[in-house]
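Work through the exercises below with the model open. Try each task before reading its solution.

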Amino acid sequence: MWNKPHLLNALADLLILAASAALLAAAAVWLVRVPSLPVQQVVFAEPLAHTRRGEVEQVLPAALKGNFFSLNLETVRGALEKLPWVRKVEVRRIWPARLEVKVEEHRPVARWGEARGELVNSYGEVFAALAGETELAALPLLFGPPGTAGEVLKRYGELVGSFKVISEKPVQLILSPRLAWQLKLENGMLVDMGREQPKSPIGVRLQRFIEVYPETVAKRAVRPAVVDLRYPNGFAVRTAAEGKGK
């Protein structure tokens, strides 16, 4: 072998490669275990609107185990995403001793159900969190069977657009277990839209009602308490006095 230079060169290259790999492995182990590279600062990329500093301080210290390299970013992310107002978290290392945290908070667009402390965010997701009375009062009330929040929110948005042309505002929308829709307007009027019907869709019945609303409903001396749109060729109205009589 000694008189074969190409074999000696190959062997030397192999030994150098092995030594380099061992050195890198040792360096990696040292970087992971060395206590002199702690995370010294956690920076939030944007101010938090609803999540309080005290809540963060309760969950974050337990997740900050290890040094700059050995710290588990998924653990940090998971700890923060357990907070009520937090929807999604991204965490990244910034050399030499800092973590940058980007938090996406829930943006509430409606209340969900009654007296359950649940809200609906802009993605149609239900979450439980405490909000101020002023903020809650400005939100519409939506409700439906489990798993239907996205559908109810979408229908609510469509109804807001439909009623805007007659200067009325929906403030409550309920989808019953039998998939029947009931709407409440800001003026207190209930609108029973019923279930979708193949021969008479809700959209068609609703549009017919909105078209005649200015003349047949808005000008009435006594505003109806309930409007029933479940009829295929018209609708029925009931005043508060008629409701009490029944």
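Predicted model: local features only at pLDDT ≥ 70, side-chain atom pairs only at ≥ 80, totals over all residues.

Residues are numbered from 1 along each chain as its sequence is written, and side-chain values use heavy atoms, with hydrogens and water left out.

**Exercise 1.** Find where pLDDT stays under 50.

Solution. Start with the term: pLDDT is the predictor's confidence in each residue, from 0 to 100. The chain has a mean pLDDT of 86. Of its residues, 83% reach 70 or more. Then go to residues 21–32, where pLDDT stays under 50. There the model has five contacts (heavy atoms within 4.5 Å) beyond four places in sequence.

**Exercise 2.** Sort residues of helix α2 into buried and exposed.

Solution. Helices (H or I, at least four residues) and strands (E, at least two) are DSSP runs, numbered from the N terminus. Val56, Leu60 and Ala63 are buried in α2. They share one side of α2 because they cover an arc of only 55 degrees around the axis, taken from the directions from the helix axis to the C-beta atoms. Gln58, Pro61 and Ala62, on the other side of α2, are exposed.

**Exercise 3.** What do the buried residues of α2 pack against?

Solution. Their partners are β1 (41–44) and α3 (73–81).

Key
Buried < 20%, exposed > 50% of the residue type's maximum accessible area, 1.4 Å probe, protein only.
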